[in-house]
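Before reading on, please take a moment to look over the sequence and the structure together.

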Amino acid sequence: MILIADGGSTKVDWVILDSSRNEISRVKTLGLNPSVIEKKELINIILDVNQLIEIKNNVNEVHFYGAGCGTPKPIQILKEVMESVFVNADINISEDMLGAVYASSRKKPAIICILGTGSNSCYFDGFKIKSSTPSLGYTIMDEASGNYFGKILLKDFFYKKMPDNISKSFNNEFNLDIDTVKRNLYREPNPTMYLASFAKFMFNHKESKYIQEIIKNGFQEFFKYRVLPFDKDKNTPIYFIGSIAFYFKDILEQVALDNNLIIADVIQRPIDRLVEYHQSLT
């Protein structure tokens, strides 16, 4: 069996293929970002899913494309985790940007961007991935990501900068007890997932001028730091991957036009195209 996984900080989409690369089934787990989650917790997340445990000894290939897997140390941590579970498998761990390339431009030159729980971008020249700058994660980067917008919403709520109707809805939807918020931010294992959970609020209030302004400003920040430094013109295709990009596609496309660029496609979940890519390798 072959396992293909698109791993974010919030969730992982797994697809199980047979030896002929035909799809057998799918399963979701919690996020497996080795940069923010302890090794023991990473193992527990996998062991908590019966569908994976039932087949673990029959898996001979794992192809995992994950958030937080852009440098050697977290890659090694996650590889050791996978080797401890899928004991008969050849383990391949790659950063989520490579999965995004395979799911979008395949092997053609393009700018590829991820706007999910976290955010990132690269320029793919047809052979290699080139980044404008390393990603330092949710505390100081991740512009226009779910956790980025979650931080803005929390700050605006507690600083009383939200419009009254939005503030009331926000307060009704979430547990905003101070101790609960601080515990999730500073004591629980996955603060990025917690912050991104607040961003879902924007989906249900996307007609609000306040929400639209936050999103537009966030997208412009992303273009400023993660797209424009590549210094490409509108003839270079730009692909966006992730729910933030997908649900606010209209605003994203306008921000791209404001920067004299054009978005080729917005893909909510890359797993289907990742599977197609691996099936095409036979």
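The structure shown here is a predicted model. Its largest nonpolar core has 45 residues, and among these F149, F170, F219 and F240 touch the most other members. The element that gives the most to this core is helix 9, which spans residues 209-227 and contributes 8 residues. In general terms, nonpolar side chains in soluble globular proteins tend to be buried together.

The surroundings of F219 can be listed in detail: leaving aside residues up to four places away in sequence, F219 touches L115, A144, F149, I244, F248, I251, L252 and V255.

## Aromatic pairs

A search of the whole structure finds 20 aromatic pairs. One of them is formed by W14 and F86, whose rings lie 6.3 Å apart from centre to centre with 50° between the planes, an arrangement that counts as tilted. W14 belongs to strand 2, while F86 sits in the loop between helix 3 (72-85) and strand 5 (90-95), so the pair ties together parts that are 72 residues apart in sequence. W14 is buried because its relative accessible area is 1%, under the 20% limit for that class, and F86, also with a relative accessible area of 1%, is buried as well.

Another pair brings together F174 and F201, with ring centres 6.2 Å apart and planes at 55°, so this pair too is tilted. Distant parts of the chain are linked here, as F174 is in the loop between helix 6 and helix 7 whereas F201 is in helix 8, 27 residues apart. Both F174 and F201 are buried. These two residues also belong to a cluster in which ring pairs link F157, F158, F170, F174, Y194, F198 and F201.

## The second largest pocket

The second largest pocket holds about 240 Å³ of space. Its lining is made up of Y138, K151, L154, K155, F158, I178, V181, K182, L185, Y186, P191 and L195. Sorted by class, the lining of this pocket has 9 nonpolar and 3 charged residues, with no polar ones.

Which helices each supply at least two residues of the lining of the second largest pocket? They are helix 5, helix 7 (178-186) and helix 8 (191-203). The largest share of this lining, 5 residues, comes from helix 7.

## Two positive phi angles

Although R21 is not a glycine, this residue has a positive phi of about 65°. R21 is placed in the loop between strand 2 (11-17) and strand 3 (23-30). Is R21 buried or exposed? With a relative accessible area of 16%, R21 is buried, since that class takes in values under 20%.

K160 is likewise a residue other than glycine with a positive phi, in this case near 60°. The loop that holds K160 runs between helix 5 (146-158) and helix 6 (164-173). The relative accessible area of K160 is 72%, so K160 is exposed, as that class begins over 50%.

Definitions and conventions. Residues numbered from 1 in each chain as written. Predicted model: local features only at pLDDT ≥ 70, side-chain atom pairs only at ≥ 80, totals over all residues. Heavy atoms only, no water. Helix = DSSP H or I, 4+ residues; strand = E, 2+ residues; numbered from the N terminus. Buried < 20%, exposed > 50% of the residue type's maximum accessible area, 1.4 Å probe, protein only. Core = buried A, V, L, I, M, F, W, Y, C linked by side-chain atoms within 4.5 Å. Contact = heavy atoms within 4.5 Å. 1 Å grid on protein atoms, 1.4 Å probe; cavity = no way out; pocket = protein on both sides within 12 Å on 5 of 7 lines; lining within 4 Å. Points joined across faces, edges and corners; volume = space filled by probe spheres on them. Nonpolar A, V, L, I, M, F, W, Y, C, P; charged D, E, K, R; others polar. Phe/Tyr/Trp six-rings, centres within 6.5 Å; stacked < 30°, edge-to-face > 60°.
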